Every structure is written in structure tokens, then in C-alpha cells.
Amino acid sequence: MSHSLSLLLLLSAVATASATTIGVTYVPTPTLPPPEQVATALRSLKITAVRLPVAEPSVIRAFFYTNISLFLSIPNSQLHSISANRSAASLWLYTHVVPFYPRALITAISVGSNVLADGDPTSGDVLLRAVRNVHQSLMDLGIRKITVSTTFSFVNIMMTSFPPSSAEFEEPTNNAVLKPLLQFLTETNSSFFVNLYPYVVYKLRPEIPIGFALFQQQAYNFRDDAITGVRYRNLFDLMVDGVIAALTISGHENIPIVVTETGWPSSDLSNEAENHQIYAEMYLRGLVYHLRSGRGTPLRKDGVAEAYIYEVFDTNTSLENQAAMRVGTGQNWGFLHPNLSLKFEINFSGGFPTTTAALAKVVLGFLLLVTGLLVF
């Protein structure tokens with residue numbers, strides 16, 4: 001399919017706009033409050049979706065009857081056994097889903113995460129068989145409302161991402177893994193899961209203005225796609241539309257997109273200027289406000305179906321962050337302190353905070369972007 005035909009399909013598609021579900025990533029640790037307290041705190045913040053990279057039964061149970069949807073993940077270490085034998089998939093489901101569903105509102109399962117990051121040529125076949133086995137096991141159990149897919153990293157699967165109209169998936173991953181997976185997702189009405197970090201792309205591409213990555217509407221904080229004439233006002237939309245264009249070229253332009261991880265570090269051991277609490281606050285506020293606005297992206301009116309903020313507490317267990325930034329546990333990504341208080345004021349319903357202190361931080365953040373000065 002040619003680029004021009006793909007873009008015509010994109011731009012002529014009629015989609016029914018719907019609000020993006022904004023969720024958070026929660027990883028429990030022994031030093032943090034018990035899951036029941038965390039679930040209560042997240043409800044008080046009006047958070048309606050939680051992603052659990054570590055799907056411990058005790059954590060799932062803590063969300064009984066909360067009306068918070070749960071996104072579970074199967075560890076990469078279990079993919080070979082699940083791929084080889086459907087009974088292994090059923091065993092995982094009998095441990096992590098059957099005892100809790102539907103009292104726990106489990107809506108999605110990611111079969112592995114960033115499995116292809118190490119470049120193992122045999123991992124694609126293993127991954128595809130594992131995804132199919134989990135899906136079929138759910139069907140055998142009569143559970144048809146849980147989406148099954150796997151999670152990719154934006155930086156690992158995109159051959160080119162700018163301009164979005166020229167975006168394509170990386171080869172040989174595209175033909176070997178993505179095309180058969182996309183066909184499966186279409187047949188099963190599932191979604192495409194992708195970790196999408198403007199922070200990571202900003203770090204890899206120094207020519208990108210930091211304001212463009214932080215949703216700041218200032219002069220020069222835009223990029224134009226010369227082919228389509230579309231002007232992008234933030235890096236998040238540009239990256240999402242790159243994925244949409246690549247999906248379209250593959251013949252699957254209508255698959256919903258779930259951003260499984262996104263965020264901005266508030267600090268790290270290196271004290272790099274862009275890893276600052278004010279910038280993390282600006283990114284999360286801008287992201288939530290943008291997603292709640294209902295504007296979608298230039299190439300898809302309803303934007304992404306779901307987006308999960310990384311993360312609730314400072315655990316830095318994301319394989320994405322550790323691989324892309326070559327870090328261990330030095331960065332802090334959480335928005336809650338261990339005492340369950342907010343690091344900074346953020347309204348998950350989408351409005352900007354109006355307290356004097358919060359407004360002062362917005363002004364300070366603007367000045368930091370303009371002057372390039374940071375005070376630690």
C-alpha cells in the first residue's frame with residue numbers, strides 16, 4: 001500500500017470520538033503502603049484504570065468492586081512455556097484471572113513486554129504463539145471481554161517516525177512479527193499496546209525543543225509534516241501519529257492504540273537539568289489536559305484509547321526506561337510519595353489546578369523553559 005493511499009485512508013476515515021481512558025502504572029513493593037490503601041488513594045484521585053506489571057493475586061484482590069479497570073501483564077520469563085503448551089496459559093489464567101474476574105474489572109492482558117528488544121530472531125514466533133494461546137484459553141473459559149496483545153517499545157519498532165506521514169515499522173520485525181500480530185488483533189477486536197515516551201525521544205534527538213515535549217504552547221514549539229501540511233504542537237501527538245501511519249501502511253489503520261507507559265522523570269542521580277520535578281509536573285499536567293480535551297491527534301479524531309502514566313511510586317521497574325536510558329534505579333518517575341501524598345498537584349479529571357502554589361509552579365516552569373535556568 002502506497003504512502004499516499006495510506007494517508008488518504010487515514011484522513012478520510014470517520015471515527016466516533018470518545019474520551020481517552022487515563023490510567024496509572026502501579027508496582028507494589030514491601031516498603032510501600034498495602035495495596036488496599038493504594039487502591040483507596042487512587043479512587044480518591046478519580047483514577048479509573050490501573051496497569052499492574054506485577055500481577056500478584058493479593059494486589060488484584062485489593063481492587064475488588066472499586067470499578068477501577070485492571071491491565072495485567074504476563075512476565076517475559078513465562079512466554080516460552082505458555083507458547084509451547086496452552087495448559088500453561090490456562091494455569092496462569094486460573095491463578096491471576098479466574099478467582100477474581102469479574103469482581104476485579106480485568107480488561108486487558110499484555111503477554112510479555114518489549115520481548116523483541118534483545119533482537120532474538122526466535123522470540124517473534126514464541127511471542128505470537130503465546131498471545132494466541134492466552135486468547136484461546138480465555139475463549140475456552142467463556143471470558144470474551146478481556147483484550148489480549150503484547151507490548152512494544154516505540155523506539156524499538158519504528159524505522160522512522162518523522163514526518164509521521166512517512167513512518168513505518170522496522171524490518172524484519174514488521175513482516176516477521178507485527179503483520180501476523182496485527183491480523184490477530186483485527187480478528188479479535190484487540191488493541192495495539194505501545195510504550196511511548198516523549199522524554200526518551202527528546203533525549204535521543206537534541207534538536208527537539210523541550211517545550212515541544214512538555215505540551216507547552218509557545219513560539220517555535222511545533223513541527224510541520226510537509227507531506228500532509230499538518231502542524232504538530234506536541235511530541236506525544238507526533239509519535240502517536242507515527243504509529244497510526246505505520247499501522248495504516250500495514251493495512252490495519254483502525255486498530256485502537258493503548259499507550260501502556262508514558263511519563264517524565266522528576267529526578268535522577270545525575271541531576272540532569274531536564275530530569276526535574278517541575279518538568280515532570282508540566283508533562284503530566286499537559287498530558288492529562290490534552291487527553292481529556294477530546295481533540296485526539298491530527299490523524300485520528302479519537303486519539304489513543306487508553307494511556308497509562310508511569311508510575312504511581314518511585315520504583316523504576318520499567319524495562320523500557322532501563323534499556324533506553326541505560327539506567328538502573330537512578331531515576332524517579334512516581335507522582336505519589338510513599339505516604340500517599342501527591343508530589344505535585346495534578347487533576348486526573350483534566351482541568352488545570354487553581355491553587356496559588358500550583359499556579360506559581362506553572363509560571364516558574366514557563367520561565368525555566370524560556371531562560372533555560374534551573375535551580376536545584
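Guide: Let's start with Leu-141, which is partly exposed, its relative accessible area being 28%. Keep in mind that this is a predicted model.

Visitor: Okay! Where is Leu-141 placed?

Guide: You'll find Leu-141 in the loop between α6 and β5 (147–153).

Visitor: And which residues does Leu-141 touch, not counting those up to four places away in sequence?

Guide: Leu-141 touches Leu-93, Tyr-94 and Val-98. There is also Ser-90, 51 residues apart from Leu-141 along the chain, with 8.8 Å separating the two C-alpha atoms.

Visitor: Let's switch to helix α5. Which residues are buried there?

Guide: In α5 (residues 86–96), the buried ones are Ala-88, Ala-89, Trp-92, Leu-93 and His-96. They lie on the same side of α5, because the arc they cover around the axis is only 140°.

Visitor: What covers the buried residues of α5?

Guide: The cover includes α3 (57–61), β3 (69–74), α4 (79–84), β4 (105–113) and α6.

Visitor: New topic: how do the axes of α6 and α8 cross?

Guide: The axes of α6 (residues 123–140) and α8 (residues 173–187) cross at roughly 15° and come within 9 Å. The two helices are therefore roughly parallel to each other, and their crossing is right-handed.

Visitor: Which residues make that contact?

Guide: From α6 come Gly-124, Leu-127, Leu-128, Val-131, Arg-132 and His-135, and from α8 Ala-176, Val-177, Pro-180, Leu-181 and Phe-184.

Visitor: How many residues of the contact of α6 with α8 are nonpolar, polar or charged?

Guide: Eight are nonpolar, two are polar and one is charged.

Methods
Residues numbered from 1 in each chain as written. Predicted model: local features only at pLDDT ≥ 70, side-chain atom pairs only at ≥ 80, totals over all residues. Heavy atoms only, no water. Axes fitted to C-alpha atoms, helices over the stretch in contact; angles between N-to-C directions. Helix = DSSP H or I, 4+ residues; strand = E, 2+ residues; numbered from the N terminus. Parallel < 35°, antiparallel > 145°, perpendicular 65-115°, else oblique. Left-handed = near helix turned anticlockwise from the far one by under 90°. Contact = heavy atoms within 4.5 Å. Nonpolar A, V, L, I, M, F, W, Y, C, P; charged D, E, K, R; others polar. Buried < 20%, exposed > 50% of the residue type's maximum accessible area, 1.4 Å probe, protein only. Arc of directions from axis to C-beta.
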